[in-house]
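Please look over the sequence and the model shown below before reading on. The paragraphs that follow go through them step by step.

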Amino acid sequence: SETRWFRMECRMGMDLVELAMAIEEKFEITIADAEAENILTVGDLCDCVPRKTAERGVAPDPKVIWHQVCDVVAEQLGVDRLDLIPDSRFIEDLGAD
């Protein structure tokens, strides 16, 4: 909901809210506010997606998830997809606000 995204934006910053929204749309999942606040790296996000898709009975290949998550992160944050590693931190390494 709009209120949910406003609360997240106040805590996370616009880049990360938009990234979370794009991931939710791409994978047809919902990431709870508290869970989103604990996603600090690309690897954390890649770990979150299969847990959420499993709630719908979908078990995508981890390699496919990695590539799709990296595509979304690169597009949303304007970074080179090939520079992303699981330990890439959204704020410190990728410059998200």
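What pattern does the protein chain follow when it is read along the sequence? The pattern is α-α-α-α-α, and the protein chain accordingly counts 5 helices and 0 strands, where helices (H or I, at least four residues) and strands (E, at least two) are DSSP runs numbered from the N terminus. This is a predicted model, in which local features need pLDDT of at least 70 and side-chain atom pairs count only at pLDDT 80 or more, while totals for chains, interfaces and linings use all residues. Residues are numbered from 1 along each chain as its sequence is written, and side-chain values use heavy atoms, with hydrogens and water left out.

Some totals describe the chain as a whole. Of its 97 residues, 40% count as buried, a word that stands for under 20% relative accessible area, with exposed meaning over 50% and partly exposed the range in between (1.4 Å probe, protein chains only). The protein chain exposes about 5700 Å², and carbon and sulfur atoms supply 52% of that area; accessible areas come from the Shrake-Rupley method with a 1.4 Å probe, and for residues only the protein chains shown count as cover. Among the contacts in the protein chain with a separation of 6 or more, 53% are accounted for by residues 24 or more positions apart, contact meaning heavy atoms within 4.5 Å.

The packing of the helices can be followed pair by pair. Helix α2 (residues 14-27) and helix α5 (residues 62-77) pack at an angle of about 140 degrees, with their axes 10 Å apart; the axes are lines fitted to C-alpha atoms, for helices over the stretch in contact, and angles run from 0 to 180 degrees between N-to-C directions. That angle makes α2 oblique to α5, since angles under 35 degrees count as roughly parallel, over 145 as roughly antiparallel, 65 to 115 as roughly perpendicular and the rest as oblique. The crossing of α2 and α5 is right-handed; a crossing has this name if the near helix is turned clockwise from the far one by less than a right angle, and is left-handed if anticlockwise. On the α2 side the contact is made by D15, E18, L19, A22, I23, K26 and F27, and on the α5 side by I65, Q68, V69, V72, V73, Q76 and L77. By class, this contact of α2 with α5 has 9 nonpolar, 2 polar and 3 charged residues, where Ala, Val, Leu, Ile, Met, Phe, Trp, Tyr, Cys and Pro count as nonpolar, Asp, Glu, Lys and Arg as charged, and the others, Gly among them, as polar.

Helix α4 (residues 42-54) also packs with α5, at an angle of about 125 degrees and with the axes 10 Å apart, and α4 and α5 are therefore oblique to each other. Their crossing is right-handed. The residues that make the contact are V42, L45, C46, V49 and P50 of α4 together with I65, W66, V69, C70 and V73 of α5, and by class the contact has 10 nonpolar, no polar and no charged residues.

Between α2 and α4 the angle is about 40 degrees, with the axes 11 Å apart, and these helices are therefore oblique to each other. Here α2 passes α4 in a right-handed crossing, and the contact is made by L19, I23 and F27 of α2 and L45, V49 and T53 of α4. Those residues divide into 5 nonpolar, 1 polar and no charged.

A few single residues complete the tour. K52 lies in helix α4 and, at 11% relative accessibility, counts as buried; leaving aside residues up to four places away in sequence, K52 touches I29, T30, I31 and E35. D33, placed in helix α3 (residues 33-37), likewise counts as buried at 11% relative accessibility.

E28 is found in the loop between α2 and α3 and is exposed, with a relative accessible area of 57%. Most residues other than glycine have a negative phi, yet E28 has a positive phi of about 55 degrees although it is not a glycine. L40, in the loop between α3 and α4, is exposed with a relative accessible area of 54%, and L40 touches S88, R89 and F90, not counting residues up to four places away in sequence. The C-alpha atoms of L40 and R89 are separated by 5.7 Å, although these residues are 49 residues apart along the chain.
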